[in-house]
Amino acid sequence: MISHLVLFSFLIVTITIVIAPKTYAQSTDTCTFSQISSGELVGDGGTLPTQLVSFSTAGGSPTQISVNCKEPVSLSVSEPIQIAGPAFQPVSSLVTVETANGGSTNSRSGSPLSLPVGTTPVVINLFVDKGSLLAPGNYRYGIKFTIVP
């Protein structure tokens with residue numbers, strides 16, 4: 001089992017501060033990860049947001065990456081890991097990873113996502129619920145992929 005930490009920047013703008021997000025992608029011997037587009041987190045939950053989401057239906061945007069594997073693998077994903085912004089312990093969180101052909105996994109599911117040999121574009125969405133009013137700031141989250149050949 002190969003654990004692989006991939007950090008993606010997601011941005012929430014609850015005040016008029018905008019900072020360009022950066023992505024940190026790493027490679028393993030089995031798969032390489034590269035960013036296609038960065039995601040954007042937005043505040044959700046009414047006028048006074050209590051959640052951070054990257055879903056386009058809420059005005060955010062998912063992160064899109066490309067996973068290139070040398071052999072078929074099973075991919076699992078961790079809960080989001082906060083790496084920047086006003087710190088808090090979420091009451092609920094979820095990461096979803098989806099492929100264009102309808103395959104998916106999430107951080108709550110025990111079912112890993114099967115990826116074939118070659119390049120697979122994937123879309124990553126985040127949901128993080130503080131359960132109370134979010135402090136204005138720029139939030140960044142990472143996720144950890146576990147790859148099993």
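The largest nonpolar core of this predicted model has 25 residues, where such a core is a set of buried Ala, Val, Leu, Ile, Met, Phe, Trp, Tyr and Cys residues joined through side-chain atoms within 4.5 Å. Buried here means under 20% relative accessible area, with exposed over 50% and partly exposed in between (1.4 Å probe, protein chains only). The residues with the most contacts inside this core are Phe33, Leu52, Val67, Val97, Ile124, Tyr141 and Phe145. Two or more core residues come from each of β3, β6, β7 (73-77), β9 (92-99), β11 (113-115), β12 (118-129) and β13 (140-148). In soluble globular proteins, nonpolar side chains tend to be buried together.

A word on conventions is handy at this point. Residues are numbered from 1 along each chain as its sequence is written, and side-chain values use heavy atoms, with hydrogens and water left out. Because the model is predicted, local features need pLDDT of at least 70 and side-chain atom pairs count only at pLDDT 80 or more, while totals for chains, interfaces and linings use all residues.

The fold is built from strands: the protein has 13 of them and 0 helices, both taken as DSSP runs numbered from the N terminus (helices H or I, at least four residues; strands E, at least two). Of its 149 residues, 40% count as buried. Among contacts (heavy atoms within 4.5 Å) with a separation of 6 or more, 75% involve residues 24 or more positions apart. The protein exposes about 7200 Å², of which carbon and sulfur atoms supply 54%, with areas from the Shrake-Rupley method and a 1.4 Å probe; for residues, only the protein chains shown count as cover.

Serine 66 of β6 is the bridge partner of serine 34, and the bridge partner of serine 66 in β12 is proline 121.

A search of the whole structure finds 1 disulfide, defined as a pair of cysteine sulfur atoms within 2.5 Å. Cysteine 31 and cysteine 69 form this link, with their sulfur atoms 2.2 Å apart. Cysteine 31 lies in β3 (residues 31-37) and cysteine 69 in β6 (residues 63-69), so the pair ties together parts 38 residues apart in sequence. The link is right-handed, with 105 degrees about the S-S bond, and both cysteine 31 and cysteine 69 are buried.

Technical notes: Pairing = 2+ DSSP bridges.
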